[in-house]
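The following exercises treat one structure, each with a worked solution. Please study the sequence and the structure before reading the solutions.

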Amino acid sequence: MAIGSRLAAQTALIPAMLIALVVYCGSTGWTIWISMTSSRMLPNNNFVGLRQYEILFANERWQVSVQNLALFGVLFITLALALGFFLAVLIDQRVRAEDLLRSVFLYPFSMSFIVTGLAWRWLLDPTLGIAKIAHDIGFEGVQFDWLVRQDRVIYTLLAAAIWHAAGLVMAIMLSGLRGIDQEIWKATRIDGIPAWRTYIFVVIPMLKGSFATATILMATSVVRLYDLSVAMTNGGPGIASEVPAKFVMDNLFERQNIGLATAAATSMLITVVAVVAPLLYAQNRAAARVAR
Amino acid sequence: MTGVSVSSLTKAYGALRVLHDIDLDVQPGEFTVLLGPSGCGKSTLLSAIAGLDEIDGGTITIAGEDVTEREPSQRGIAMVFQSYALYPTMTVRGNMSFGLRVKRLSAAEIASRVAWAADLLQLTALLERKPGQLSGGQRQRVAIGRALVQRARLFLFDEPLSNLDAKLRTEMRVEIKKLHKELGMTIVYVTHDQIEAMTLATRIAVMRGGKIEQYAAPDELYERPATLFVAGFVGAPAMNFLPGIVRAGHVEIDSLSLPLDRVAVAGPVADGTKVILGVRPEHIGLADDGAPGVVVEAATDFLEPMGADTLGWFSVGRHRISARLAPQRARSVSGLVRLALDLRHASLFDADSECRY
Amino acid sequence: MRRNAKWLSAARIGLYAFLVISAAFFLLPLYVMLVTSLKGMPEIREGNMLSLPHAPTVAAWVKAWSSACTGLSCNGIQVGFLNSLKILFPSVTMSIAVGAVTGYALSLWRPRGAAWLFGILMAVAFVPYQVFLFPLVRMFSYVGLNSSLPGIIVVHTIFGLPTMTLIFRNYFAGIPLELIKAARVDGAGFWRIFGAIMLPMAVPIIVVAIILQVTGIWNDFIFGLVFAGRENFPMTVQLNNIVNSTQGEREYNVDMAATILTALVPLGVYFISGRWFVRGIAAGAVKG
């Protein structure tokens, strides 16, 4: 290969390599190191082992954050996948105004979590929002005050997040459905298999890739969940809608407890690695099988 | 004009050696075809000559200059690729002039060269089109034009016709041959199609497993194949192979015994040697029609009409052989026949080394 | 034809009913934001959230744009809008430029270290940003980039890199290698091939990248909050500050007008780009 061009290719990678080494690897290492020191407002190198982690996991706010994220994550991914897939199947029935419906389902995804959060916060406002309408038309018993109830507030985040992402799932699934060979449908019709069975036993397995793509996208946004909580509830009422990312941010920039914050961040990192690594490994193995 | 000389070229991908100690000499103005099945290393050899692949050992000389360490653009070559490799966002003119612009030739020089090549290849009307708007044959001509404007010392073609349909392929073959005749450039041309090789080449290098089995003129290659592989690869329908043992000046093939003195061999063959006798279908005829050669009894299996000829398939003992027959005559062939094998044109190979005697 | 389309039955009616209800669910927040922003405060307090405004007024929009307060300053969300524009153009350009060059070098040249670099980039796509924030803030302070416009631009370039590299690498990997060989025989080098051949061919993926980055960077909250500095807070951060500013009575109409204003740019990108929008997101999601 041309010496000059090879040198140029190597040079062209310098920014990316610098970013990868200094920012990605360097920061991660530094964060892990700080999490094992007694740093509070400023980083120090006073090694305390896993002390910060002990404090962290004894911290009620962190416990609530983790529980919230787990509950939110599982419900969000499941429900968004279900709703998105269902909408895609319906739209795929050669309905009228398909383009309009697609646009309507997907537009929330283009907006930020801050906008989403503020819109839903207003919609669910306990005095002037949907609650008031329900009240006015006579549903006295129905209480639409989940936004201010400690045991329910996480479901309001959930509703907003599903509203934000279901259209994306729909779009991914729809392009998957459109990619399925029409002969499959002819074959199942000739075999007399009812449509719903075809969807469950033939189509869904064929859409594995689409499900994986949608799941990866949503899982990434679950771990990063922060803006939505800030905009909608700011973690409240009390600490009922706290999430790990917010825990880290608050301890880093407001509570001046960077040792604890980095311990929390490291815990998030370890969780992600534990979940993602096997998935990527499986994907690579599947890809290798296909390649062979 | 200029020659190419490759000596002791080796190349490996990890543990896999793809080129073994290759020597190849291309004379100025020669049209050399590298012929072989896929995976034989012919394209790798071409890439090495072009400088597109690094080599592990050996030297490459073009026009007497050692270019082994030079970049492709410094070797004075032009190349035509299998997929044409036209730049899709540029017009035909842009494609043809890109290399000249990179070399910072004057606008006038570029214009005149493009006009010359376009005229030669009947591309003048298409100069402002994009490759996407051209047919396969037109794209191929642009790819050749892009090479021509380089005024290169050496032209390299990497399976340039294999993406074309059969009719266009024949037309382009003629056109390439015409260009070579008119411009007299040196060409190294890779193909797996032996007809292409036979019709175009002044010399053919048949390759297999990273080695050159034989490098000779087409006639020589056809009439005196150096190895069993060359004999089998070149020629369609393929050469008949009859395995046997040499005894007392004869080749014994099962119950048959064919005299060895008719076969053109370089030296004496020792008794007891396992050999393979190769006879082309056109050197087998019907003895009753006066065809020359050693007569054997055969049973008719079936006939394959091919238009100009009919290929007759016969059983001789345990072996099946084919003979090229005149169509009118072939119609009445059936049952037991007497075949004449013209051993003067036969080839004799050692069964172990697979080399010609 | 998959199923008999003329078969208008209960199932078909149910299908449309569900789709219409779903559409209403998706449109509801936007509708409520819109009507609220056009009402006066008394009407909001007494009336029904869903009802159309009796006397539509754009007063709330004017206030949201030019005089809504965040803490002490009352210059409206226009400040954030301008900041977001100032952040957007250089950030989009830089992140795409670096991603395109990196993807090109990785896909077609196989330089040393390509495999581990790509592995790290892909891993980072999953890692929560919180892991990087503190060290990055310290590093930026050290080199004087913290709380500055260049700082936030660099941050967007850094965190746009994995996705940008991935989509460009995947796109360039689909280009036949012979094209590069032909260009090399023509005497073009790394940069010449990139500029003259690859970039013109990459127009579709550049459009996808622009869609992804414009919406992503405009919608960013956390990086703007941490790295831009008070002077350069992007629109999302300013919006949140306006809505949460504690002075006086809460003006829901102003809040909603400001919210819609903040959403306008990504909504515009979405409606103009149509199906390319989905293509972009899907392109960024398919790893390896």
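**Exercise 1.** Determine which residue with a positive phi follows H2(B), and state why helix H2 of chain B is largely enclosed by the rest of the structure.

*Solution.* The model is a predicted one.

Step 1. H2(B) is followed by B:Arg104, and the phi of B:Arg104 is positive, near 60°.

Step 2. Helix H2 of chain B covers residues 92–102, and nine of its 11 residues are buried, so the helix is largely enclosed by the rest of the structure. Buried here means under 20% relative accessible area.

Step 3. Among the buried residues of H2(B) are B:Val92, B:Met96, B:Phe98, B:Leu100 and B:Val102, but also B:Gly94, B:Asn95 and B:Ser97.

Step 4. Within chain B, the buried residues of H2(B) pack against helix H3 (107–120) and helix H4 (136–148); they also pack against H9 of chain C.

**Exercise 2.** Describe the interface of chain C and chain B: how many residues are in contact, and which elements of chain C give two or more residues to it?

*Solution.*

Step 1. On the side of chain C, 15 residues are in contact with 26 residues of chain B.

Step 2. About 1,700 Å² is buried between the two chains, and carbon and sulfur atoms give 62% of this area. Of the area that chain C buries against chain B, 40% is supplied by C:Glu178, C:Val185 and C:Asp186, more than by any other three residues.

Step 3. Between chain C and chain B the count of salt bridges is zero, while five residue pairs are in polar contact across the interface, both residues at pLDDT 80 or more.

Step 4. The elements of chain C that give two or more residues to this side are helix H8 (177–185) and helix H9 (190–201). The largest share, seven residues, comes from H8(C).

Step 5. By class, the side of chain C that touches chain B consists of nine nonpolar, one polar and five charged residues.

**Exercise 3.** Identify the residues with the most contacts inside the largest nonpolar core, and list the contacts of A:Phe105.

*Solution.*

Step 1. The largest nonpolar core has 228 residues, and those with the most contacts inside it are A:Tyr24, A:Phe76, A:Phe105, B:Leu45, C:Met198 and C:Phe227.

Step 2. Helix H8 (residues 153–178) of chain A gives the largest share of this core, 17 residues.

Step 3. Leaving aside neighbours within four places in sequence, A:Phe105 is in contact with A:Leu87, A:Ile91, A:Gly167 and A:Met170, and with C:Leu19, C:Ser22, C:Ala23 and C:Phe26.

Step 4. A second, separate core has 47 residues, including B:Val92, B:Val142, B:Val206 and B:Phe233. B:Val92 is also one of the buried residues of H2(B).

How values were computed:
Residues numbered from 1 in each chain as written. Chains lettered and ligands numbered in written order. Predicted model: local features only at pLDDT ≥ 70, side-chain atom pairs only at ≥ 80, totals over all residues. Heavy atoms only, no water. Contact = heavy atoms within 4.5 Å. Buried area = accessible area lost by both parts, 1.4 Å probe. Salt bridge = Lys/Arg side-chain N within 4 Å of Asp/Glu carboxyl O. Polar contact = N/O pair within 3.5 Å; in protein donor to acceptor, adjacent residues only side chain to side chain. Helix = DSSP H or I, 4+ residues; strand = E, 2+ residues; numbered from the N terminus. Nonpolar A, V, L, I, M, F, W, Y, C, P; charged D, E, K, R; others polar. Buried < 20%, exposed > 50% of the residue type's maximum accessible area, 1.4 Å probe, protein only. Core = buried A, V, L, I, M, F, W, Y, C linked by side-chain atoms within 4.5 Å.
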